Amino acid sequence: MGTPGDNFNIVIAGVGGQGNVLACQMIGMTAVEEGWQVSAADTFGVSQRGGAVMSHLRLSRDKPCGPLIPAGQADIAVGLEPLETVRVLRTFGGYHTRVLMNSRPNYPLAVLCGEAEYPPLDELRQAIREHCREVVEVPADQLARQGGSWVTQNTVMTGALAGTGWMPFAIETYERVIKSLFSGRVHQLNLAAFRVGVRATSRKTGAA
Amino acid sequence: MNTMRVVLDAPGQVALLTGNEAVARGALEAGVNYAAAYPGSPTAEVLECIAAGAEMLGVYVEWSVNEKVAMEGAAAASFAGLRSLTVMKCDGLNVALDFLTSLSMAGTRGGMVIIVGDDPSAHSSAKEEDSRYLGRVAHIPVWEPADSREAKEMVKAAFDLSEDIRQPVMIRMVTRVCHASTNAVLGEFPRREVNACLGPEDKFITWIEGHREQEDKLRRAAHRAEKSPFNTYAGPESPETLVIAAGPGSYYAEEAVAQLGLQTSVGVLKLGTTWPLPEKLLRRYLRPALKVIFVEEVEPFIEDNVMALAAQHLDEIGRTSFYGKKSGHVAGINGVGLGELTPSQIMAALANVCGPDPAHERPAPPGWPELAGRDLAFCPGCPHRASFWAIRAALELDGRQGIVLGDIGCYTLGKGRTGYYLLQTMHAMGSGVGIASGLGQLWRFGFSQPAVAVVGDSTFYHAVVPALINARYNQANFVCIILDNQTTAMTGHQPHPGTGIDPNGNPLTAIPLEAVVSGLDIPVTTVDPYQVDEAIQAVYQAVQGPGVKVIIMRRACALIAAKTSAAVRVYVDQSRCRGDACGCARFCSRVFACPANIWDKAQGKARIDEAICNRCGVCASLCPVGAIVVEQYQEKVG
Amino acid sequence: METMRVKPGPQELQAQVMAAGQCTACGMCAGLCPYIRFAGDRVRIVYSCGLEDGNCYRSCPRTPHDLQDLDVQVFGAPREDHLLGTHRDIYYARAARAVRPAAAQYGGVTTALINFAFEQGLIDGALLVGGSLEQPLPRLATTPAGVNNCAGSKYLAVPSLANMLTARRTGLTRPAVVGRPCQVTAVRRLQGLENNHQAAPGPAPNLVIGLFCFWALEAAFSAFLTSRTRSRVTKMDITPAEVIVDTTGGPLSLSLDEVRPFIKPACHTCFDPTAELADVAVGSTEAIPGWNTLVVRSARGEELVQEARTARVLEIKPYGAERLPLLREAAWRKKKRVLEALAGRPEPYLRLPVDYQLAIAGEEVMRDEYYARSS
């Protein structure tokens, strides 16, 4: 087992269009604000068209690091969708990996077309528990709706990650970054979504 | 993309910039005057970022009709003494290559930098071409950054080199640089007075004598490369094993050395100036090394050139073993020479070459469930889905095994399930129309199938017009369907000559598709693909009878429309949906294959995933029992 | 009774009907299914749904069915008149002047009855054929103005039942159909599914007005017409002698020989020239300009006609005694030809009980005797 080295690795998985890139940017910018060296690699372009997408976010105290996380070396996996969470964990997860997962499925075309099965959520949950350190689930779609908009699931998940206490950043730093990224009503929506996310996990994990 | 941080006038501040943002920032810090591009992933965002600073810094920014014209415009600015930048993806460099190979024989004046985006693994491309070879063909220097921070500095240095050797300099970006963000320190924006003019002695004529100058200029560039800050070495003075790496692979190599604990025997020479090579520098580290490993993305470009160098200096360098793509030791994610590099694969290669180390062996633990793959799909509400359904229906109705030819754009996905596997050819921008033009002549050899070429609106202006002229003039028989979603959707909604706006959204006079087609004396009809039955009729009618015809299927990209559309809700009235008793065989969720149309297993009825539905309502018009409801509502306040 | 060994689904529909040139372009299958579309009179399956049992097959007028079963389903008893089908009365009729649109064919009875049914609330929509003679199109009318726009016979095979889809989607519950005999059969077969099959999509039409039809023309005839005249065609009439085309540039006469090549091949095997399963059937009189032949068949048809008459929407007079044998003979000749044509086929679409068959053959015996006597 290779040691995770000096880098702190977060993989964010989802489906094109779910807002992986933005979630990754919010966390990455927060890290820069807090004085870390950051590499944040996204897939976008054609992958946005409903394909599987992931972002690799790597944080280091001293020197810059490469864009991709080595296999098995994600410290944290944030899944915006259950199937995609498991997909990235198969490659990047390990027994040390902490998992934060949106429990709302997004069905692949092959499933809709009846050519493939979407595994039962319980089976996915069980598999993650067996292979990883811990898993925290968040109903990000419902929370996003509470916050005011379906489309802020990614911000809810960012808040949920902040709320777990797994990240070494202050909540205020995230909120400062959110303010720098948005303005007006969009800022209000995202800030609300972020806070809903924070509350959802800080309760569960007992963190601040 | 956040263009504001690219144009932030705050020298010394640390910003998280993507490679594309960093290139834009570097160009602005270098005082670029003229920037022109045609959008292509992975470098599409560069020009948009420069555009954000255009007004403040007095830069002319243009979305050009295609890459060749973009490069020609940038060359013009260089001829007049200005600094210019042109941006494209590897495919675009192919388009511009005719001009580039001429340009480098005639030379340039003001600094001119060409940004080319290669896409290893083809994340948002059809192919993973290695454009470094084209830079070599064109006799121009090729540099490769490993991350954003380096990309920004490289762009600035490239302008200086370009002005020094009076040649364009190409920077080869890869997706993992373009789309990866790293910390970068913002520099100052220059305040330069410029006055564009060509003196009587400023002549730029491509002629055979230019070849000698090309070679001289390359030698000067090679000389400068020896001292380039972009070539760095980390490792022991006399490495037993030398890793020669470029691009993000250099990070993977350093990380692998560290994780495998090989710091005392393995050195990593990171090359930023990939062509021409810094030969003395290379020879210095090749001499002690017994083994050399090449880490570069896609083709063995450095590998071939370094091995040739070693062969040339065999007496000096001595016996050395080379490991890379040729030997099969260094693989990309899809195999040797296939797909992008990953840290794990580089670690495996190093472990393999420097002695097996079980530390890196990490077989995936068993017990993960089988996971369904995720096909790319047209977005919910995408007008292309309706268009492809209509085209498919019309050709089936016609019954002569009509052929659909595609090219590059979102509609390329029409080759897969989301487009009902309709496309039978897919090559380059506009090439479907050229191929249709050829098929349209084959009746004299017994060919009796109708041919339909689908093109995007942006593609139409980029590359379709000459093929249509050819078809019309030579009397080919086929139908060209312009899938007009009123933007360049695939690369992120850039404007084109049909949209009537510039890169900053300022008005320009649009050139309507109908005007161009009518001007070619080709009959043109316009339909709304959301009116599926009308679209079917239009295509069916068009494929009857001879000649070339154009149908414009016009409907704004759903991603844009969803932001502005009226307050509408689309849902399934499950009391009307007949489920599997309907006889439609789950048309909406299974066959029409819109990701927002899902199957409610518990109820045995269709349902709409309203979180992703873009509310186009096309499924409602196709459901045979009218179970899908499109409901207008008053938007709630607050 | 299920005797078919074939799977009653789209593949067999394709094989037995579409590929065999037996499609009459009624449009019913396209009106039930998102995978069957049409252009002109061409109806095709555009996507293989994979189902082996479908309403498309079960409601097609050209997939195997028993005529007596349909008679019983619609009228409660087998037919007694084997040449004109079950009917209660036969009249000359015309619309009252006030309700007769200029474009109406002959007496405008169909248009008047449909509009009257609208007024009475009997129907909430009507599947009609509109457009022009150059380009006839299925139309779904929901107002009298929409109905009037469709007045006038088109003589072309237009798959107007395809609008069943639109009717259903727009929430109509009581549409009427005006159609050729094959379309009437399709509607009746669909109604039959409601009793016998689990998945009738509904709503089935509430009122069926059939049109006399000895044959319909292919869509290609429209192009032929356009090639013969540059003027706009306003009306067309097919008489036993010629085809008269009124245009804005004056009348044009076509010989039947010019028109015959455009007859839809499936029409040559049609057993039903007078829409025998309709509530009422409407045709020309071939004798009295400005009047229609009106055959009242069902109780609903009778009720509608009587009410329309009382409301002075319809004028009615007795059918000419001298014309009846001519109409019967025309129907008989057609049926006899079709029976002969179908006799050679292994699996004819039409199943006739022995008495139905003998009635046509018997008529022949009777005629032979008649001719023998008179010669």
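Q: How do you know how far apart the centres of domain 1 of chain C and domain 2 of chain C are?
A: Taken over C-alpha atoms, the two centres are separated by 23 Å. The domains are domain 1 (10–218 + 263–374) and domain 2 (219–262) of chain C, with bounds that come from an automatic or database domain assignment. This is a predicted model, where local features need pLDDT of at least 70, side-chain atom pairs count only at pLDDT 80 or more, and totals for chains, interfaces and linings use all residues. Residues are numbered from 1 along each chain as its sequence is written, while chains are lettered from A and ligands numbered from 1 in the order in which they are written.

Q: What makes up the contact between domain 1 of chain C and domain 2 of chain C?
A: Each domain is represented: 14 residues come from domain 1 of chain C and 14 residues from domain 2 of chain C. Two residues are in contact if their C-beta atoms, placed from the backbone, lie within 7 Å. On the domain 1 side, the residues divide into six nonpolar, four polar and four charged. Here Ala, Val, Leu, Ile, Met, Phe, Trp, Tyr, Cys and Pro count as nonpolar, Asp, Glu, Lys and Arg as charged, and the others, Gly among them, as polar.

Q: Why are strand 6 and strand 14 of chain C called edge strands?
A: Strand 6 (136–141) and strand 14 (314–318) of chain C each pair on one side only. They belong to an open sheet of eight strands in the order 6-5-7-8-12-13-4-14, with mixed pairing. Strands (E, at least two residues) and helices (H or I, at least four) are DSSP runs, numbered from the N terminus.

Q: How do you know that strand 4 of chain C pairs with strand 14 of chain C?
A: Pairing needs at least two bridges found by DSSP between two strands. Strand 4 (residues 89–95) of chain C has five bridges to strand 14 of chain C, and the two run antiparallel. One of the partners in strand 14 of chain C is C:Glu315, across from C:Arg94.

Q: What makes strand 6 and strand 7 of chain B a pair?
A: Strand 6 (residues 142–143) and strand 7 (residues 169–174) of chain B share two bridges in the parallel sense, which meets that requirement of at least two. B:Val142 stands opposite B:Met170 in strand 7 of chain B.

Q: Why is helix 15 of chain B described as largely enclosed?
A: A residue is buried if 20 or more other C-beta atoms lie within 10 Å of its own, exposed if 12 or fewer, and partly exposed in between, with C-beta atoms placed from the backbone. In helix 15 (residues 343–353) of chain B, nine of the eleven residues are buried, so the helix is largely enclosed by the rest of the structure. Among them are B:Ile346, B:Met347 and B:Leu350. The buried residues pack against strand 10 (241–246), helix 11 (249–260), strand 13 (291–295) and strand 14 (321–323) of chain B.

Q: Why are helix 17 and helix 18 of chain B called roughly parallel?
A: Angles run from 0 to 180 degrees between N-to-C directions, and axes are lines fitted to C-alpha atoms, for helices over the stretch in contact. Under 35 degrees counts as roughly parallel, over 145 as roughly antiparallel, 65 to 115 as roughly perpendicular and the rest as oblique. The axes of helix 17 (residues 431–439) and helix 18 (residues 457–473) of chain B cross at roughly 10 degrees and come within 8 Å. The two helices are therefore roughly parallel. Their contact has five nonpolar, three polar and no charged residues.

Q: Which two chains have the most contacts?
A: Of the two pairs of chains that touch, chains A and B have the most contacts. There, 54 residues of chain A are in contact with 54 residues of chain B. Strand 2 of chain A gives the most to its side, with six residues. For chains B and C, 19 residues of chain B are in contact with 21 residues of chain C.
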